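I set out to record what can be looked up in this structure. My entries begin with charged pairs and then turn to the chain as a whole.

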Amino acid sequence: MVSITKTHTLLLLSKQAGDYTPLLEAANLPNLEIVVGLTPCPTDCDIAFGEPNLIRELLPRLPGLRWVQSTWAGVEPLLDPALRRDYTLTNARGVFGGLMSEYVLTYLLLHERKVLQRLEAQKEQRWEASLTGTLRGKTIGLLGVGSIGAELARTAKFFGMTVRGYTRESETSKHVDRYYHGETILGFARGLDYLVSVLPNTSATRQIVDAEVLAQLPPHALFINVGRGSAVNESALIHALETGAISGAALDVFEQEPLPAGHPFWATKNLIITSHTSAPSFPAEIAKVFIENYQRYIARAPLEHVVEFERGY
């Protein structure tokens, strides 16, 4: 009897396909045919790898699809209940924690070390020697303690901070000093020096950072959002910043992206906008996630970073 080895067809859909293709080819993945781009569309492909917004458009034309590997951590474009869900969806997890930590620490240190104030004083040729702050001994609250939140917690402990974590139910990070769940969110937020959201976009997280939560923060507090813009009640945040109820915010994500001209955020006092740049997808790192999962796929082993459609992550 002749043994026939199944060939898998991969549809690569990414604006960075030129970077991904040599990385995948160099891996010499067995029994894998790689097709790049939209035309011609390989209707027999069983794997798609790329950006969820591009993959979404082709779902109806891929009847043989069995597995989608996202290059993003967030997969919202594929979570619409009207879309098919007869395939396994995996996201890029475990690669963004370091980048997110760099981003968050940048703005924590900018805030404590009064970088902007001192630059402004320099422009005015004014000696500005007010006492600097420190991260040590401060309390940071993490809305969401998945792989990214866990890395943020680890980094915060390195700087001598106390860490609170608010999660749906898990308590897996050893670097979180105290966990909160469900209706304890006001207690979680009360008195925080820093509130950082790394939450995904789900029905349970939408506008979770509202006027009540913001009211628990002291006037010196800083809010940072690197999760999803939907987690924030925008009008409540604007009010808190304009009235001095909190001292500042750094937002990387927004309900509507790109943030349109004329949006109130552009003119809001003490708000820094960073245009969804906190954690770019570097092909060399994301390709490793696909390569490791492909080895599992052909071995019929459970894939890593599987997204539950109903949960949204």
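**Entry: salt bridges.** I found that the structure holds 14 salt bridges, a salt bridge being a side-chain nitrogen of Lys or Arg within 4 Å of a carboxyl oxygen of Asp or Glu. I note that the model is predicted: local features need pLDDT of at least 70, side-chain atom pairs count only at pLDDT 80 or more, and totals for chains, interfaces and linings use all residues. Residues are numbered from 1 along each chain as its sequence is written, and side-chain values use heavy atoms, with hydrogens and water left out.

**Entry: Lys 138 and Glu 112.** I looked up this pair and found a salt bridge between the side chains at 2.7 Å, N to O. It links distant parts of the chain, 26 residues apart: Lys 138 is in the loop between H4 and strand E6 (139-143), and Glu 112 is in helix H3 (residues 97-112). Helices (H or I, at least four residues) and strands (E, at least two) are DSSP runs, numbered from the N terminus. Glu 112 is buried at a relative accessible area of 9%, whereas Lys 138 is partly exposed at 21%. Buried means under 20% relative accessible area, exposed over 50%, and partly exposed in between (1.4 Å probe, protein chains only).

**Entry: Glu 169 and Arg 311.** I read a salt bridge of 3.6 Å, N to O, between these side chains. Glu 169 lies in the loop between strand E7 (162-167) and strand E8 (178-181), and Arg 311 in the segment after helix H9 (283-298), so the pair ties together parts 142 residues apart in sequence. Glu 169 counts as exposed at 52% relative accessibility, while Arg 311 is partly exposed at 29%. I also noted that both belong to a network of salt bridges with Arg 168 and Glu 308.

**Entry: Glu 304 and Arg 296.** I found these side chains joined in a salt bridge at 3.3 Å, N to O. Glu 304 is partly exposed, with a relative accessible area of 29%, and Arg 296 is partly exposed, with 30%.

**Entry: Ala 261.** I located Ala 261 in the loop between strand E11 (248-251) and strand E12 (271-273). Ala 261 is exposed, with a relative accessible area of 79%. From Ala 261 to Val 68 I read 35 Å in space, C-alpha to C-alpha, and 193 residues in sequence.

**Entry: the whole chain.** I recorded nine helices and 12 strands in the protein chain. Of its 313 residues, 49% count as buried. The C-alpha atoms fill a box of roughly 80 × 45 × 35 Å, taken along the principal axes.
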